[in-house]
Amino acid sequence: MADDYLVRIGKLIRDARQHRGWTQTQLAEALATSQSAVNRIERGNQNISLEMIARIGEALDSEIVSLGYAGPMHLRVVGRRRLSGAIDVKTSKNACVALLCASLLNKGRTVLRRVARIEEVFRLLEVLNSIGVRTRWINEGVDLEIVPPAELDMESIDAEAAIRTRSIIMFLGPLLHRMDRFRLPYAGGCDLGTRTIEPHMIALRRFGLEVTATEGIYHAQVERSVSPGRPIVLTERGDTVTENALLAAARHDGTTVIRNASSNYMVQDLCFFLEALGVRVDGIGTTTLTVHGVPQIDVDVDYSPSEDPVEAMSLVAAAVVTESELTIRRVPIEFMEIELAVLEEMGLDHDRSPEYNADNGRTRLVDLTVRPSKLEAPIDKIHPMPFPGLNIDNVPFFAAIAATAQGKTLIHDWVYDNRAIYLTDLNRLGGRLQLLDPHRVLVEGPTRWRAAEMMCPPALRPAVVVLLAMMAAEGTSVLRNVYVINRGYEDLAERLNSIGAQIEIFRDI
């Protein structure tokens, strides 16, 4: 029991430190102690006095730590408030995690600009730090600096952090170039049903990687004599599968052709980053990528990931369900065109600015103004397709949008086993959603939303959909244990409050 208490305190301290944008070394300097001592405290491996807790709380300006509060974060939402003004789209969560994994390819210093400060990123940073990579937030906590060690210490990997993110699977591609044998914990993340890693293995075996799984661990071994002699054909046009193949090909001494590749936004950002590292990639934005690998990468690189089209879709949905006029700035339009075409057919009133370039110089952005609209259910079903089709992660937001429209909308999420089921949580808030099978849900609108208290669904996008419905509901709602939202969104409640929402963050005492 005592050890569990220390672990809980350690997590609170770690979260407060990361929220402040400090490294373990910076906290250690403020406390006049060592970085290793802070590391032990955060892992729950060191006894800690009330005096030390108070000192940490004062250093981090964190009332939570000083009072020793524990427990998950909840949201209290006062609904039926109109949004107004303008809000910027943050950088892409999925691009940022891919670039963190890609930094392992580089022996030099990597700086990533405006990195999303989200739990998924924090978990990957904990893993990177545990194996010897030095990371620190710079420029007032806006940008991230990454400096790898000469040798990675894989025996010290933070397994607890690793199993809380599926992104850890993208360590396989870069690590196979750095060591002949290594181990990784099983990949975790959202609860979205059975998700096999076999498509990753089919691609990476072509680079000599063999993986066996025992007791929650992937055991990886690399046969250096193996290399892809013909094009790699991915059996699944998945984003992380394509990224893993790209990461493996980047330091392969030769030319690798990847077919049936995803051309989605995070894959394109990764390709742009690889080019900044000196790796030529032909065919960016298509389903055939040709990678001209370089065996050694040792450069100081500065890169700005582009904005997140899924967050942009979240904000569009927020405006629609709250019947608000809202300007959403820095929308990556090429990854939202199908979604906006569907919404136009449903009757959405909106304007868009002329296009301009993202900070990476490649991705096309617009500013989008959404106005209150009388929507009609679409004639055809809503279903995802690989880019340039409707993005799989944007499908759940159509459940909330369809609930405001007149008529019945069929949503077919054929990719994930459980996500359609989670969307029926909207019924607790007054929605009329009928689950037809684990992949299809029929949404009938318009909806008179009502307040409710409920647990957060264990999947990121359905969780945000529930939050948006609460914002549209009459009365005060409570959404409990919102860690999954913090995995993918930075300060979402505060940012929604800045445009007129009324959302209070609280914890159980």
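**A walk through the predicted model**

Let's start at Pro199: setting aside neighbours within four places in sequence, Pro199 is in contact with Thr235, Glu236 and Val241, where contact means heavy atoms within 4.5 Å. Before I go on, the housekeeping: this is a predicted model, where local features need pLDDT of at least 70, side-chain atom pairs count only at pLDDT 80 or more, and totals for chains, interfaces and linings use all residues. Residues are numbered from 1 along each chain as its sequence is written, and side-chain values use heavy atoms, with hydrogens and water left out.

Back to Pro199, which sits in helix H10, residues 198–204. Helices here are DSSP runs of H or I with at least four residues, strands are runs of E with at least two, and both are numbered from the N terminus. Is Pro199 buried or exposed? Pro199 has a relative accessible area of 8%, so it is buried. The cut-offs are under 20% for buried, over 50% for exposed, and partly exposed in between, with a 1.4 Å probe and protein chains only.

How much should we trust the model? pLDDT is the predictor's confidence in each residue, from 0 to 100. The chain averages 90, and 94% of the residues score at least 70. Residues 64–69 have a pLDDT below 50, and that stretch has 14 contacts in the model beyond near neighbours in sequence. Residues 189–195 are also below 50, with 25 such contacts. Where pLDDT is low, the predicted coordinates should not be read in detail.

Now the aromatics. The structure holds 3 aromatic pairs. Rings of Phe, Tyr and Trp (its six-membered ring) pair if their centres lie within 6.5 Å; planes under 30 degrees apart are stacked, over 60 edge-to-face, and the rest tilted. Tyr265 and Phe335 make an edge-to-face pair, 6.0 Å centre to centre with 65 degrees between the planes. Tyr265 is in helix H12 (265–276) and Phe335 is in the loop between strand S14 (326–332) and helix H14 (337–346), so this pair ties together parts that are 70 residues apart in sequence. Phe335 also pairs with Phe387, this time tilted, at 4.9 Å and 45 degrees. Phe387 lies in the loop between strand S17 (364–371) and helix H15 (395–404), 52 residues away from Phe335. Tyr265, Phe335 and Phe387 form one aromatic cluster. What about burial? Tyr265 is buried, Phe335 is buried at 5% relative accessibility, and Phe387 is buried at 16%.

Gln268, also in helix H12, has contacts that include Phe335 and Phe387, along with Ile284 and Glu334, leaving aside neighbours within four places. Gln268 is buried too, with a relative accessible area of 10%.

Next, a hairpin. Strands S4 (134–138) and S5 (143–147) run antiparallel and are joined by 5 bridges; two strands pair if DSSP finds at least two bridges between them. Thr135 has Ile146 as its bridge partner in S5. The hairpin has 4 residues between the strands, and Asn139 takes a positive phi near 55 degrees there. Thr135 also turns up among the contacts of Thr23, together with Arg17, Arg136 and Trp137, leaving aside neighbours within four places. Thr23 is in the loop between helix H1 (2–20) and helix H2 (24–31), and at 13% relative accessibility Thr23 counts as buried.

Last, charges. How many salt bridges are there? The count is 36, where a salt bridge is a side-chain nitrogen of Lys or Arg within 4 Å of a carboxyl oxygen of Asp or Glu. One of them joins Glu474 and Arg80, at 4.0 Å from N to O, and those two are 394 residues apart in the chain. Glu474 is exposed at 53%, while Arg80 is partly exposed at 46%. Arg183 and Glu155 meet at 3.1 Å, with Arg183 in strand S6 (181–185) and Glu155 in the loop between S5 and helix H8 (159–162). Another salt bridge links Asp180 to Arg224, with the closest N and O atoms 2.9 Å apart.

That's my tour, so over to you.
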